[in-house]
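Subject: Structure handover

Hello,

Here is the structure you are taking over. My notes on what was found in it follow below.

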Amino acid sequence: MGKFEVALSGMRLEPPIMNASGVLGLASSSLVMVAEAGVGAVVTKSIGLEPRAGNPNPTVVEAPCGLLNSMGLPNPGVENFRVELEEALPRIGKPLIVSVFGFRPEEYGKVIRRIDDLPVAGFELNVSCPHVGEVGTELGSKPENIRRVVEEAKAATEKPVFIKLSPNVSDFAGLAKVAEEAGADGITAINTVRAMAIDIEAGRPILAGVFGGLSGPAIKPVALRCVYEAYETVGIPIIGCGGISSWTDAVEFFMAGASAIQVGTAIAYHGLEVFRHIIEGLASYLEEHGFKSLRELVGFAHRR
Ligand code: RRO
């Protein structure tokens, strides 16, 4: 295995760094652009059974140290997305993880079955959108729902299934455990943090959807805490996500227990070059600190 190679439930990633779902992941051209930026895998935006237009504008607001979005799950629906995937897959040349959402647990299995015959590498189950109630907080904060979503997905595919959990819950690690017991192959920690902004001249919420998801550096400590807690609780791999924008952030997430990381909002701020900066910084850090591989960093901060 190479210095930067990590196996995530059979999926080999080199480097174990990908884009976060929702950032540049619907059109085949953008999936190819991400693949060429040095990532080890590419993640799509979340796809559901039917097409959705998403929320009216404004859907994104800048916040101190981050972005607040209320996109509202815009997506072409799985049938149209299948066409996009068929075009993109031969050109991507990296493992492709498809993010899936549903309004009921059965819908996850239905979406996966529609594309499982294509050479996608695995699936990420989105049960954590913080502002579309039925597919977010309502679905992803109840242990019984998490169990059913994972079981439906696992029954639909032999490929690895990761579940992206919400930080907007009181027992993050407990829900990660439920996902593991239901058969999930990994946990993605975390989705955005439920938040809002108010226009003081208009005297009303800025986002048309009132609430949105906060991402970027503002949420990094929250994400790191979730990864750390999950590492103490589950044995399956954890994919760290939330405010990672530099190689030092990346080192922190691997040390907290992430076996792989995702970068989202930092792409909007720094462009796709952010991936090469992170990889180069990680390589120097390993060299200077005498680590033979990135795998040695995983969970390093838990040594007692
Ligand atoms: O589309 C969105 O509004 C959205 C989703 Br699906 C999600 O999972 N997280 C987020 O911050 N926004």
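**Charges over rings**

The charged end of R194 sits over the ring of F211, 4.1 Å from its centre. A charge sits over a ring here if NZ of Lys or CZ of Arg is within 6 Å of the ring centre and within 35 degrees of the ring normal. R303 likewise lies over the face of F300, at 3.7 Å from the ring centre.

Some ground rules before the rest. This is a predicted model, in which local features need pLDDT of at least 70 and side-chain atom pairs count only at pLDDT 80 or more, while totals for chains, interfaces and linings use all residues. Residues are numbered from 1 along each chain as its sequence is written, and side-chain values use heavy atoms, with hydrogens and water left out.

**Aromatic pairs**

F300 also belongs to a cluster that ring pairs build from W247, Y285, F291 and F300. Rings of Phe, Tyr and Trp (its six-membered ring) pair if their centres lie within 6.5 Å; planes under 30 degrees apart count as stacked, over 60 as edge-to-face and the rest as tilted. The structure holds four aromatic pairs. In one of them the rings of Y285 and F291 are stacked, because their centres are 6.2 Å apart and their planes are at 15°. F291 and F300 are paired edge-to-face, with 5.2 Å from centre to centre and 85° between the planes.

Burial is judged by relative accessible area: under 20% is buried, over 50% exposed, and in between partly exposed (1.4 Å probe, protein chains only). F291 is buried at 11%, and F300 is partly exposed at 24%. Y285 is buried as well.

**Nonpolar cores**

A nonpolar core is a set of buried Ala, Val, Leu, Ile, Met, Phe, Trp, Tyr and Cys residues joined through side-chain atoms within 4.5 Å. The largest one has 92 residues, and V98 and I163 touch the most other members. Helix α10 (residues 274-288) gives the largest share of this core, seven residues. Helices (H or I, at least four residues) and strands (E, at least two) are DSSP runs, numbered from the N terminus. A second, separate core has eleven residues, including A41, I97, F162 and I239.

Leaving aside neighbours within four places in sequence, V98 is in contact (heavy atoms within 4.5 Å) with residues including T44, F81, I115 and F123.

Strands β5 (residues 60-63) and β6 (residues 66-69) pair in the antiparallel sense over four bridges; strands pair if DSSP finds at least two bridges between them. V61 has L68 in β6 as its bridge partner.

**Cysteines**

How many disulfides does a search of the whole structure find? The count is zero, a disulfide being a pair of cysteine sulfur atoms within 2.5 Å. For C65, the nearest cysteine sulfur is that of C241, 17 Å away. C226 has its closest cysteine sulfur in C241 too, at 11 Å, which is too far for a bond. C65 counts as exposed at 54% relative accessibility, and C226 as buried at 0%.

Regards
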